[in-house]
Amino acid sequence: MSRWAWAAALCLLAACQRDAPAPPADAYDPAAGADARRIEADLRFLADDLLEGRETGTRGYDLAALYVAQRLRAIGLRPAGDDGSYFQRVPLLRAQRVDGGGSLVVRRPAATVALTYREQFLPQLDFDRAQARIAAPAVFVGHAVHAPELDYDDFAGLELRGKIAVLLHGAPARFDIDRRAFYSSMREKFAALAARGAVGAVIVSTEDEEKRQPWARGAQNWARPGMRLRDADGRAIDTFPQLQVIANVSAAAAPLLLDAGGRNAQQVFRDAREGSLRGYDLPGTLELSSLTRIAPAQSRNVVALRPGADPALAREHVLFSAHLDHVGIGAPVRGDAIYNGALDNALGVAILLEAAQQLARAPSPPQRSLLFLAVTGEEKGLLGAQWYARHPSVAAGSIVANVNMDMPVLLTPTRDAIPVGVEHSSLQATLERAAGEVGLRLSPDPNPEESIFIRSDQYAFIRAGIPAVYLTGGIQARDAGADGRAVLGEFLRERYHQPGDDASQPIQYADAARLARLNARIGQLIADDPQRPRWNRGDFFGERFARPASAGARAAAP
């Protein structure tokens with residue numbers, strides 16, 4: 001090599017040394033504990049591009065389920081699924097929009113306006129019919145909430161029979177957190193509309209909602225399929241076929257529907273913030289149509305058992321859960337179309353696996369039996385959890401508690417964990433004791449207005465009467481100058497349900513290992529307590545969904 005070539009090489013080397021790149025995302029940490037390494041290894045596989053975002057019903061999800069089953073086998077847990085396997089079959093219907101296969105037309109005496117597909121509206125997926133069209137008068141019904149115990153009725157003075165309901169998400173801000181969460185559920189809204197004879201629905205986004213979740217971000221994935229559970233006759237479960245077409249409308253297009261009779265969209269949005277919404281009849285008619293491709297599909301939950309040591313208590317079960325699915329492949333963002341779901345919820349599953357290993361090898365075997373459940377279809381509407389709650393692989397009524405793990409956002413070192421919904425049952429004392437033993441603080445839900453207590457898999461078990469808690473990462477930063485709440489907010493704005501939720505993020509695996517120890521300790525304490533967890537007296541969810549006091553004892557009896 002000539003002197004000039006050597007000189008050029010040395011200059012290039014010097015430049016590389018001056019501008020040394022950051023360590024690669026998969027850099028090995030020699031100081032990490034074995035538990036943190038196991039969690040990291042599991043996450044890196046589950047969030048790898050190979051699995052293509054683990055969407056329910058895809059090859060990527062099936063690979064993830066097979067991986068989790070083999071990890072549970074290696075830990076030494078028994079299969080607790082169908083036919084002596086680690087898998088429980090979940091029958092589904094898959095629906096997908098046809099591009100341009102839907103319409104929303106506002107007909108009024110002064111003008112007729114057709115909204116633009118994707119830009120201004122999208123029909124919701126229809127699991128009951130491939131094609132539908134309706135034309136009917138419309139009524140604005142506020143949040144579509146009837147809460148008699150709070151003397152609140154959005155439907156007072158309004159006639160819905162044979163009409164299309166126009167409504168907003170959410171529930172009145174004056175409601176307590178529990179009732180706001182319950183009445184914000186679209187299941188409850190649609191049930192109320194169907195019971196009153198409505199034939200369709202249009203859900204209008206508000207400006208405040210779109211500041212958190214822009215319309216364009218969601219609309220760009222218009223082609224993403226949805227799913228519902230399928231019964232033995234091939235029909236969809238938990239749908240409302242009386243509502244023949246349901247559509248969503250952007251905040252920008254809201255005036256086309258709501259500006260009428262001296263009312264306007266801006267006033268409606270303001271009234272929603274101030275808690276003074278009032279319904280009103282809308283002039284003219286709305287015409288709605290939808291076109292959907294519907295086909296049967298199937299996915300599977302992964303479930304394993306650690307038998308209890310006590311001859312009597314072993315007939316009862318503590319259920320750990322975490323959803324294994326994510327949202328798959330979608331619209332590219334900066335050239336990346338794979339929505340890996342590292343925090344949502346590969347990390348939650350990895351923590352569940354680590355807790356399972358610790359409990360399988362605990363020096364003092366738990367007295368009750370333990371179930372470990374990685375569910376499918378959470379992102380499609382808690383489907384795998386709903387199926388398991390209705391078709392448990394153990395005796396009905398024998399599940400005494402559910403501890404669910406979902407989307408622990410561990411991107412800066414923290415001192416705490418957040419047990420969402422713990423205040424509803426005797427599980428609160430158990431979690432406080434476990435957290436003290438592990439050395440963690442417990443923080444309240446930082447965003448109660450988001451109603452996340454009804455938005456993850458624990459809600460399927462709550463509806464079955466089972467006391468439950470949703471455990472996730474904390475926000476109290478350990479490092480001076482760090483802001484855990486701001487880190488969480490930035491993740492939710494920029495990477496939640498986006499391709500950026502991948503393994504390149506600065507995931508705190510030591511914190512994840514500590515969360516796994518907390519999860520394991522909670523399970524051990526519940527399993528060893530002679531008393532089953534119970535709902536607090538007068539609790540809203542307990543009173544609405546609790547099983548009869550003797551049901552669990554009868555189911556657990558030999």
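Which helices and strands are included in what covers the buried residues of H9?

## About the model

This is a predicted model, in which local features need pLDDT of at least 70 and side-chain atom pairs count only at pLDDT 80 or more, while totals for chains, interfaces and linings use all residues. Residues are numbered from 1 along each chain as its sequence is written, and side-chain values use heavy atoms, with hydrogens and water left out.

## Helix H9 and its cover

In helix H9 (residues 265-274), the residues Ala 265, Val 268, Phe 269, Asp 271 and Ala 272 are buried (under 20% relative accessible area, with a 1.4 Å probe and protein chains only). Because they cover an arc of only 160° around the axis, they lie on the same side of H9; the arc is taken from the directions from the helix axis to the C-beta atoms. The cover of these buried residues includes strands E5 (131-140), E8 (164-168) and E12 (280-306), together with helices H6 (207-212) and H8 (254-258), where contact means heavy atoms within 4.5 Å.

## Helix H15 and its partners

On the H10 side the contact includes Leu 347 and Ile 351, and on the H15 side it includes Ala 512 and Leu 515.

Helix H12 (residues 427-438) and H15 pack at an angle of about 135°, with their axes 9 Å apart, which means that H12 is oblique to H15. Among the residues that meet here are Leu 427 and Thr 430 in H12, and Arg 514 and Arg 517 in H15.

Terms used. Helices (H or I, at least four residues) and strands (E, at least two) are DSSP runs, numbered from the N terminus. Buried means under 20% relative accessible area, exposed over 50%, partly exposed in between (1.4 Å probe, protein chains only). Axes are lines fitted to C-alpha atoms, for helices over the stretch in contact, and angles run from 0 to 180 degrees between N-to-C directions. Angles under 35 degrees count as roughly parallel, over 145 as roughly antiparallel, 65 to 115 as roughly perpendicular and the rest as oblique.
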